[in-house]
Amino acid sequence: MVVGAEPNYDESKVPAYTLPDPLVCEDGTPVRDRRVWEKRRRPELLWLFEEHVYGRAPTAAPGMWFEVVESDGTALGGRAIRRQVTIWLRGDRVGPRMDLLMYLPRERGRRVPVFLGLNFMGNHTVHPDPGIRITEQWVPADRAGTVVSNRATAAGRGTMASRWPVERILARGYGLVTAYCGDLEPDFPEGWKLGVRAALSPDGTNHVFRLDEWGAVAAWAWGLSRAMDYLEIDRGVDAKRVVLIGHSRLGKAALWAGARDRRFAVVISNESGEGGAALTRRRFGERIADLNRRFPHWFCGRYKEYDDREDALPVDAHELIALMAPRPVYIGSASEDLWADPRGEFLAGLHAEPVYRLYGRTGLGVTEMPAVGQWVGRYIGYHLRPGRHELTAWDWERYLDFVDRHLGGR
Ligand code: GCU
């Protein structure tokens, strides 16, 4: 592929390809049961994704300090509990921190299931609620001009609210927990210097990169697991029913977090595309070379060896989906979001199915991609929403229904 070449959006130009078999170990041993999958193949695939795609992150934080900054039982006109919790990620109170914003339905004496997802622009953009603290981290400039010299301002309150239907989530009996991805790593090539990668590295910003160095996606995913560390001790949350959700680049992070950390009960990828749910070997829409060129900080160094060499990558997206098994996973696509390759996302779900079958579970339950506006799936959900690359109320309704079916709703 010529760098900067036009993406392919023509199905007839998708080349023939052979996917790696999730049920064959690297030494050729077939995986016939759950035991071999869990003891051998699953760890092997995690290792391959670390080594070649996302890079190797620490398994835990060197120390953590949870500071409940606020807990207000009268938020959103008395309908919700709002909690804001700072997670100090190094155990001291000067190092990197992640600020959680939580809304829980006001229901006495009951731990609630929650959705957990990172946001792109700061917690205050998720809802106009004036009680939300404004991040002091670096934030990207926005079109509305609410960001001044990469600092968030109060003008940004609620600007991303359409992606986070808080009242609807609460009405359905769930809580919402979110944090700004930039608390872990601001999203630009040098952003690692301001995030956990530098802060947790012994040589800080003089850091020398290894080929399997964690990238920003892995840093975001790591942060989701640290949020889970806190949720396990929050008395309002049912930590056995935490649903991960992420849109686009943060959907890539949600999938990687869900693969690594089995405490997450359900994982939802909204239009995560290349480097997420889309099969890379289809070379449809965005490709590895596009990611590496435009976002060199997202993946590990070795991933750069796969520009225009998709067939050499030892894994593909169906194996990332399979790492969720036997837990429910949902892949949301949008019909006009060809850059993220909706069909490639569907096919990743389809080819993850054999691993679900080891557990006696049906994945998608169909072999044909649903029509625009339709959805399918048992343990692997899939929909094709009409429209563009976004996370919308329509997507949320599908996710809420799917999660109700698996986690029992109220
Ligand atoms: C870009 C990028 C995608 C990514 C998306 C997003 O389009 O190429 O890989 O998913 O941004 O995060 O919105």
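This is a predicted model: local features need pLDDT of at least 70, side-chain atom pairs count only at pLDDT 80 or more; totals for chains, interfaces and linings use all residues.
Good morning. The shell around the ligand divides into five nonpolar residues, two polar ones and four charged ones. In this classification Ala, Val, Leu, Ile, Met, Phe, Trp, Tyr, Cys and Pro count as nonpolar, Asp, Glu, Lys and Arg as charged, and the others, Gly among them, as polar.

Residues are numbered from 1 along each chain as its sequence is written, and side-chain values use heavy atoms, with hydrogens and water left out.

Let me return to the ligand. Its surroundings consist of Phe120, Ser248, Arg249, Lys252, Glu286, Leu291, Arg294, Phe295, Trp298, Trp339 and His389, where a residue is near a molecule if one of its heavy atoms lies within 4 Å of it. Helix H6 (249-260) and helix H7 (288-294) each contribute at least two residues to this shell. Helices (H or I, at least four residues) and strands (E, at least two) are DSSP runs, numbered from the N terminus.

For histidine 389, an N or O atom of the side chain is 3.1 Å from a ligand oxygen. Taken alone, the ligand exposes 320 Å², and the protein buries 87% of that. Accessible areas come from the Shrake-Rupley method with a 1.4 Å probe, and for residues only the protein chains shown count as cover.

The space that the ligand takes is the largest pocket. On a 1 Å grid over the protein atoms alone, a pocket is an open set of points with protein on both sides within 12 Å along at least five of seven lines, whereas a cavity is a set of points where a 1.4 Å probe fits but cannot get out; lining residues have an atom within 4 Å of a point. A molecule sits in either if more than half of its atoms lie within 2 Å of its grid points.

Phenylalanine 295 is buried, because its relative accessible area is 13%. Here buried means under 20% relative accessible area, exposed over 50%, and partly exposed in between (1.4 Å probe, protein chains only).

I turn now to backbone geometry. Most residues other than glycine have a negative phi, and most peptide bonds are trans. Glutamate 271 has a positive phi, near 50°, and is placed in the loop between E9 and H7. With a relative accessible area of 1%, glutamate 271 is buried. Its side chain and that of asparagine 270 are joined by a polar contact of 3.4 Å. A polar contact is a pair of N or O atoms within 3.5 Å; within protein, one must be able to donate a hydrogen and the other to accept it, and residues adjacent in sequence count only if both atoms are side-chain atoms. Asparagine 270 belongs to strand E9 (residues 266-270) and is buried, because its relative accessibility is 0%.

Aspartate 308 also has a positive phi, near 60°, and lies in the loop between H7 and H8. Is aspartate 308 buried or partly exposed? Its relative accessibility is 37%, so aspartate 308 counts as partly exposed. As for peptide bonds, the one from alanine 325 to proline 326 is cis, with omega near 0°. Proline 326 is in the loop between helix H8 (317-322) and strand E10 (329-334).

Two further sites deserve mention. Aspartate 92 is in the loop between strand E2 (80-88) and strand E3 (97-105). At 25% relative accessibility, aspartate 92 counts as partly exposed. Its side chain makes a polar contact of 3.1 Å with the side chain of arginine 90, and a polar atom of that aspartate 92 side chain lies 2.9 Å from the backbone nitrogen of glycine 95. Between the C-alpha atoms of aspartate 92 and tryptophan 65, 27 residues apart along the chain, the separation is 7.1 Å.

The other site is arginine 226, in helix H5 (residues 216-231). Arginine 226 is buried, because its relative accessibility is 3%. A polar contact of 2.6 Å links its side chain to that of aspartate 229. Thank you.
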